[in-house]
Amino acid sequence: MKKNIKKFIKKYFKNNLFFAIFCILFALLLLTRFYGMEEKSPFGFDQVDNAWAAKDIIVDHKFPLVGMQAKVNTGLFIGPYYYYLISPFYLITNLDPIASIFIAGLTAVFTFLVIYFVTRSIFNEKVAILAIFINVVSSYIFELDRVQWPVNFIVPISFLILFSLYKICNNNPKYFMLLAASFGFSLHIHFTSVFYIILIALAIPFIPRNKKTLRYFLFSIFIFLIFVIPIIVGLIETSIGISPTSYLSNSFHGFHLRRFLQIIGDEFIEFNAILKFPYAIYVSIFLFLTFIFLLLKEKNLKHKFIFIYLLIVWMLVPWIVFSTYSGEITNYYFGITRPVAILTFSYLIYRLVTLNRIYITFLLALMLIYFSISNLYYFFSMGPVGLPFHRSVVLEKISKGEKVEFVHGDPQSYIYYLLKQYNNEK
């Protein structure tokens, strides 16, 4: 057993230093995602919706064929698999909403591992360490990671689909299976998964055409069907197909250059939110263009032109699509672009370090230390936002003999049900 562990460490880490840094960052991840579990993790509308869905599956044995509604009164629904994914956690915690925190935390762990292994596979171990450092320390990222909802999977799925397409275009057709599973699961996460249809279509010209590719492609169709069949059945049985079409047609206003330029801040919002300083948008654009320029000179990156092409369309597709959309745009709609932001920052830092200039390394170290301290200070200064308040209000009302009426998305309604009705029914 010990030999197997040592082999694993040797395979994925060049030396003990990288392994030690990886462990420290993983420990920091657990701290920033689980510390102050109830006090620092929100339990709001979406988390309550998820909790009720888990209750329906566990207690009432109702098995949904549609998931959460993407936007209120739009008729846009995602698939139901996320509900089934979170239900075991609620079963283990006996429907206690603390399950929400464990789900969010473990999703963050999954994202951490995806970022490390994908970045390491594309570049090298040093860039991968820098990538997980940014992911762990950024207050913008760990604040979102503590919110339990399907949106948390947008980033790791985006990483996996980008990686899958890159490998497939590099004549590794077995990654069709990862692509099918990632894209299929994305349909159960958020409506922005429609971007992947366009992105996959744009990658088709670079996919090798041979018997091996065809074989893996046909097999991946069966994997994809596992994810898409429940959605199709749900649409048919619930008859919700008309409303989405109407909503999308009303929200589409065509492409206008002014609107395209107007939302450039949203396009680079993942970059800006990580950097967190005034006028970050200009710095973000400059850094992304520098990243692309340096990749053009990169000698150790296989099929670098395909990778650069994928990075560019990864940024352009959401930007162009949302420039034709007249509805409200929320920051996490551009979560699909976070992999590009993390890869940009981590690779540029790596290239600066490899210059072997003492003064550059020293200034860079100071900047990273400041980045770490300022973000972690923000984390420890975060006030209570979660369950304790709602629990105390409900317990006080129960002690006074008052009832909490059911209100959709209200955390106190769910806690009241849990304390009064569910516990009495057991």
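**Helix packing and selected residues**

Let me start with a contact between two helices. On the α6 side, the residues are Lys126, Val127, Leu130, Ala131, Ile134 and Asn135, and they meet Ile342, Phe345, Ser346, Tyr347, Ile349 and Tyr350 of α18. By type, the residues of this contact of α6 with α18 are 9 nonpolar, 2 polar and 1 charged.

Before the geometry, a word on the source: this is a predicted model. Two packed helices are described by the angle between their axes and the distance between the axes. For α6, residues 125-137, and α18, residues 338-353, the axes come within 8 Å and cross at roughly 125°. Angles over 145 degrees would count as roughly antiparallel and 65 to 115 as roughly perpendicular, so α6 and α18 are oblique to each other. The crossing of α6 past α18 is right-handed.

Helix α6 also packs on α5. How far apart are the axes of α5 and α6, and at what angle do the helices pack? Helix α5 covers residues 98-122, its axis is 8 Å from that of α6, and the angle is about 155°. That angle makes α5 roughly antiparallel to α6. The crossing of α5 and α6 is right-handed.

From α5, this contact takes in Thr111, Phe112, Ile115, Tyr116, Thr119 and Arg120. They meet Glu125, Val127, Ala128, Ile129, Ala131, Ile132, Asn135 and Val136 in α6. Here the contact residues divide into 9 nonpolar, 3 polar and 2 charged.

Now the chain as a whole. It has 21 helices and 0 strands. Of its 426 residues, 52% count as buried. Taking contacts between residues at least 6 apart in sequence, 75% join residues at least 24 apart. The chain exposes about 21,100 Å², and carbon and sulfur atoms supply 69% of that area.

Next, two phenylalanines. Is phenylalanine 153 buried or exposed? Its relative accessibility is 9%, so phenylalanine 153 counts as buried. This residue sits in the loop between α7, residues 139-145, and α8, residues 154-169. Leaving aside residues up to four places away in sequence, phenylalanine 153 touches Tyr82, Leu85, Thr107, Phe110, Phe185 and Ile189. One of these, phenylalanine 110, is 43 residues away in sequence, with a C-alpha to C-alpha distance of 9.0 Å.

Phenylalanine 19 is in helix α2, residues 16-34. At 27% relative accessibility, phenylalanine 19 counts as partly exposed.

Last, two asparagines for anyone checking backbone torsions. Asparagine 94 has phi near 60°, a positive value in a residue other than glycine. Asparagine 94 lies in the loop between α4, residues 81-92, and α5. Its relative accessibility of 31% makes asparagine 94 partly exposed.

For asparagine 356, phi is near 60°, again positive in a residue other than glycine. Where is asparagine 356 located? Its place is in the loop between α18 and α19, the latter covering residues 358-381. With a relative accessible area of 64%, asparagine 356 is exposed.

Key: Residues are numbered from 1 along each chain as its sequence is written. This is a predicted model: local features need pLDDT of at least 70, side-chain atom pairs count only at pLDDT 80 or more; totals for chains, interfaces and linings use all residues. Side-chain values use heavy atoms; hydrogens and water are left out. Helices (H or I, at least four residues) and strands (E, at least two) are DSSP runs, numbered from the N terminus. Buried means under 20% relative accessible area, exposed over 50%, partly exposed in between (1.4 Å probe, protein chains only). Contact means heavy atoms within 4.5 Å. Accessible areas come from the Shrake-Rupley method with a 1.4 Å probe; for residues, only the protein chains shown count as cover. Axes are lines fitted to C-alpha atoms, for helices over the stretch in contact, and angles run from 0 to 180 degrees between N-to-C directions. Angles under 35 degrees count as roughly parallel, over 145 as roughly antiparallel, 65 to 115 as roughly perpendicular and the rest as oblique. A crossing is left-handed if the near helix is turned anticlockwise from the far one by less than a right angle, and right-handed if clockwise. Ala, Val, Leu, Ile, Met, Phe, Trp, Tyr, Cys and Pro count as nonpolar, Asp, Glu, Lys and Arg as charged, and the others, Gly among them, as polar.
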